[in-house]
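Hi,

Here is the structure I said I would pass along.

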Amino acid sequence: MGELEHYISVLRGGLRCITVPVPTSRSVTLIVLVRVGSRYEEKEVNGISHFMEHMFFKGAEKYPDAMAVAGAIDGAGGSFNAFTGEELVGYFIKISSSKKEIAYDVLSDMLLKSKFDADEIKRERGVIVEEIRMHRDDPMSQIHQDFHSLAFGDQPLGWDIAGSEDVVLSMTRDRFIEHHKKFYYGANMVITASGDLTQSENEELCAKYFAFGDNGGEAATAKPYEKMQTRRVFVNERKTEQAHFIFGFLTNGAEQEDEPAMKLLNIVLGGQMSSRLFYQIRERRGLAYYIHSSFSVYHDVGQFKVSAGVNLDKLDEALKCAVEEVEKIKTEKVSEEELTRAKENIKGHNDLALEDTRRVASLYGVHELLYRKIKTPDQLAAEIDAVTAEQVQKAAQKYFLDDAMQLAVIGPYSKDNDWHNVFRLG
C-alpha cells in the first residue's frame, strides 16, 4: 500500500476533523481523541478521566443505557472501545462503511450528552475498584506502575491512570460534570475517520453530530513535568513465584531530534525476538520467559525501560546480564546489518498497521491532537532511514548514565535489599 492521502479541516468551535480515505477498505473507523488524561488531573480527582471513559458507555440522550449503546453497534456488526492514557483519551467505533453514520450518532450522543447518572456512577465505582485490584494483584502489571511512580515521583505523570480506591469511591456526579465541561469541547478534540469514505462525507457528518459553538477556545495544557529527587531502587516485597524487574532512564520528550535514534535503539536492545536482550537472556541463558525494552514519550519527557520476569534465584544474574547489554551498546557501535534489520522492522510494522483502519485513524489523529501536526507513514519512514549507527550510539551515551538509572523489583525480597551494585554503566 502506498502513501495514504489525508485531509484536515477545522470546524466550528475549533474541532479538527481528519479524513484518511482507504480505497481498498470496506470499513470505517471513527475515533474521537480528547486532550485529557491523568496528566491533566489534580490529586483529589486522580482517576476521573479513566472513570469518565467508563461512564460515557452508560447512557445518554438517544441511547439511554449501556445495552442501547452496545446494541446499536452490535446490531451493525461493528466493534467499539475506549482507552485512557496520561495525555489523551480515545473513543472509537469500527463499522461497515454502509453503516458509518451510526458511529457518528453513537459517539456524539455518548460524549456530548451523557447523563452521568448517579446510580450508574455508584455501580461503576465497584467495577473500577476491582479493575485497580486486578492490576495490583498481577505482578507483570503492577511493576510498570511501581517503576512509573519511582521515575516520575509524586506528580501527575507518576500517578496511576486509574487512581486510588479511596479517590474512586469519593467521585460524585458534580465532579464528572465539571470535568466534562473543562475538557470535552471542540478545540480540545480531534476526530479522525479512516476507511471507505470521502472528505466531504466525514466533514458533513462531523458538523452534523459534533456541533459546537463558535467560541472554541484553546486546547487544554497540562502542568509541565518537574524533575524530582526520587529513590534509585524500589522493592515491592510480596510472595511471588517469579521475580519481575524494570530498570530504565528518563529521556527527552516527543519530537526531539534523537527520538528516531531512540526508537531504533529500543528495537536493537529489546523490541523484537531477535533483539540482544531476548537472545542473550532468554535464548542463550534461559534466565527469563519474557524480557523486552520499551521507549515512550510525552510532551516534555520520555522513558526508556527494560522489563523482565525471571526465576527467583536468577534475579541478580539476569539484572547483571541486562545491564551489560545496555553498557555494550554505549561502547560498541551497532553494525550496519543490525541497524538495517531494526529499520526494516519498524517500517514493516508501520506498513502492516496501514491495513487496519483503526490503526490508521490513531496514527493520524494522535499526532495532530498532541503536536498540532501530522506525520505520514512516509515521513516517519524517512526519519528512521536517516538515522546512523553513530547517532544510535550517541543516544545511548546521552541517556544510559549510571546516576540516571533506576530499578523497581517485585518479589519475595526485603525492602532493605541493596541492588545498587547493578548501577555500573560508567
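A salt bridge here means a side-chain nitrogen of Lys or Arg within 4 Å of a carboxyl oxygen of Asp or Glu. Keep in mind that this is a predicted model. By that definition the structure holds 28 salt bridges, and I picked out a few of them for you.

Start with D105 and K62, whose side chains meet with 2.7 Å from N to O. D105 sits in helix 3 and K62 in the loop between helix 1 (48-55) and helix 2 (66-74), so this pair ties together parts that are 43 residues apart in sequence.

Next, E165 and R133 form a salt bridge at 3.0 Å, N to O. Helix 6 (residues 165-170) holds E165 and helix 4 holds R133, so parts 32 residues apart in sequence are tied together. E165 counts as buried, with 18% relative accessible area, while R133 is partly exposed at 33%.

Then there is R276 with E338, where the closest N and O atoms are 2.8 Å apart. This pair links distant parts of the chain, 62 residues apart, with R276 in helix 10 (residues 276-284) and E338 in helix 12 (residues 336-353). Both ends are buried: R276 has a relative accessibility of 15% and E338 has 14%. Back at R133 and E165, salt bridges with shared partners join these two with E130 and R136 into one network.

Now the chain as a whole. The secondary structure comes to 15 helices and eleven strands, and 56% of the 426 residues count as buried. The C-alpha atoms fill a box of roughly 60 × 50 × 35 Å along the principal axes. A compact globule with 426 residues would have a radius of gyration near 22 Å, and the 23 Å of this chain agrees with that.

Two backbone spots are worth a look. F116 has a positive phi, near 50°, although this residue is not glycine. You will find F116 in the loop between helix 3 (100-113) and helix 4 (118-137), buried at 4% relative accessibility. E255 also has a positive phi, near 65°, and lies in the loop between strand 8 (243-251) and helix 9 (259-270). E255 is partly exposed, at 24%.

Last, the surface: E3, E5, D351, E355 and D378 gather there in a patch of negative charge. E3 comes from the segment before strand 1 (7-10) and is partly exposed, with 32% relative accessibility.

Cheers

How values were computed. Residues are numbered from 1 along each chain as its sequence is written. This is a predicted model: local features need pLDDT of at least 70, side-chain atom pairs count only at pLDDT 80 or more; totals for chains, interfaces and linings use all residues. Side-chain values use heavy atoms; hydrogens and water are left out. Patches are made of residues with over 30% relative accessible area and no salt bridge: like charges are joined within 9 Å, nonpolar side chains (Val, Leu, Ile, Met, Phe, Trp, Tyr) within 5 Å. Accessible areas come from the Shrake-Rupley method with a 1.4 Å probe; for residues, only the protein chains shown count as cover. Lys and Arg count as positive and Asp and Glu as negative; His and the chain ends are not counted. The place of a charge is taken as NZ of Lys, CZ of Arg, CG of Asp or CD of Glu. Helices (H or I, at least four residues) and strands (E, at least two) are DSSP runs, numbered from the N terminus. Buried means under 20% relative accessible area, exposed over 50%, partly exposed in between (1.4 Å probe, protein chains only). The radius of gyration is taken over C-alpha atoms; the globule rule is 2.2 Å times the number of residues to the power 0.38.
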